[in-house]
Amino acid sequence: PAPAARPGPAPAPAPAAAPRGTAVDLLEKVDPAKDAILGTWRKDGNTLVSPPSEFARLQAGVAVPEEYDVEVVAERADKGKAEALVIGLVGGGQPFMVGLDGWAGTKSGVEAIDGKPYGGNETTREGAVLAADKPSTIVCSVRKDRVTVTVDGKTVLDWKADYPRVSLRAAWAARDGKALFLGSYKCSYRITKWVLHPAGTR
């Protein structure tokens, strides 16, 4: 008789649904040993520390509601070096991301739009937006028709969303296209808050 077929690898578990109308502390839930996609992420007490490698990223296994805010408090661990902090999002069922202070601290924006990175599309904002020497509070608001990003209460990005146009480049891909993630590029960040707020709960 023919040998029995070997079972293939088990599929990645689907992200757990966020409780309806309840904020989710992603920082508390994430385990760097299991959830890192690239790079050696670690926890220092209640602080998540990203590695200073290229395209470092770590995923949170929580499904997102249709409209929500992601709040992140982050500070550069590499004080003399400005490079990107990345916040991975999902809108209209499509994965995308916000890059802040990429291109050596000179560009921020939404990626990818029509395949174009955040440093070269209609959302590109020139100039640094994160504080150089203290934590910054970032809020990414995802709605059916708009994506806005504030840093320390000031709006730095405001895009009239067209989600069929967005995607993630392979270098920033997450394991699950329906889950949130954090990333950094050639710069280590200390992250002390990462919370998912369903719309209307902040």
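In this report, two residues are in contact, or touch, when heavy atoms of each lie within 4.5 Å. The structure is a predicted model, in which local features need pLDDT of at least 70 and side-chain atom pairs count only at pLDDT 80 or more, while totals for chains, interfaces and linings use all residues. Residues are numbered from 1 along each chain as its sequence is written, and side-chain values use heavy atoms, with hydrogens and water left out.

## The core

I138 touches V70, E71, V72, L85, I87, L100, L130, V149, T150 and V151, when residues up to four places away in sequence are not counted. I138 is also one of the residues with the most contacts inside the largest nonpolar core, along with V70, V72, I87, L89, I191 and W194. This core has 45 residues. Apart from it lies another core, of eight residues, including V86, M97, L168 and F181. A nonpolar core is here a set of buried Ala, Val, Leu, Ile, Met, Phe, Trp, Tyr and Cys residues joined through side-chain atoms within 4.5 Å. Buried means under 20% relative accessible area, exposed means over 50%, and partly exposed lies in between (1.4 Å probe, protein chains only). In soluble globular proteins, nonpolar side chains tend to be buried together.

## The chain as a whole

The protein chain contains three helices and 16 strands. Both are DSSP runs numbered from the N terminus: helices are H or I with at least four residues, and strands are E with at least two. The radius of gyration, taken over C-alpha atoms, is compared with a globule rule of 2.2 Å times the number of residues to the power 0.38. For 202 residues a compact globule would have a value near 17 Å, and the protein chain agrees because its radius of gyration is 17 Å. Along its principal axes, the C-alpha trace spans about 70 × 35 × 35 Å.

Of the 202 residues, 47% count as buried. Among contacts between residues at least 6 apart in sequence, 63% join residues at least 24 apart. The accessible surface comes to about 9,800 Å², and 51% of it belongs to carbon and sulfur atoms; such areas come from the Shrake-Rupley method with a 1.4 Å probe, and for residues only the protein chains shown count as cover.

The protein chain carries 27 positive and 24 negative side chains, and the centres of the two sets lie 2 Å apart. Lys and Arg count as positive and Asp and Glu as negative, whereas His and the chain ends are not counted. Each charge is placed at NZ of Lys, CZ of Arg, CG of Asp or CD of Glu.

## Selected positions

The table gives the relative accessibility of several residues.

| Residue | Relative accessibility | Class |
|---|---|---|
| A74 | 5% | buried |
| W41 | 5% | buried |
| A131 | 18% | buried |
| A173 | 29% | partly exposed |
| W103 | 39% | partly exposed |
| D152 | 40% | partly exposed |

A74 belongs to strand β7 (residues 68-76). Beyond its neighbours within four places in sequence, A74 is in contact with L85, K134, P135, S136, Y189, R190 and I191. Its C-alpha atom is separated by 6.2 Å from that of T192, a residue 118 places apart along the chain.

W41 is placed in the loop between β3 (36-38) and β4 (42-44). Leaving aside neighbours within four places, its contacts include P32, L48, P51, R57, L182 and I191.

A131 is in the loop between β11 (125-126) and β12 (136-142). Not counting residues up to four places away in sequence, A131 touches R76 and S136. The C-alpha atoms of A131 and G115, 16 residues apart along the chain, are separated by 29 Å.

A173 is found in the loop between β14 and β15 (179-184). With neighbours within four places left aside, A173 is in contact with I37, R57 and L168.

## Backbone geometry

W103, in helix α3 (residues 102-105), has phi near 55°, a positive value in a residue other than glycine. D152, in the loop between β13 (146-151) and β14 (154-160), has a positive phi as well, near 50°. The peptide bond from E111 to A112 is cis, with omega near -15°. A112 lies in the loop between β10 (107-111) and β11.
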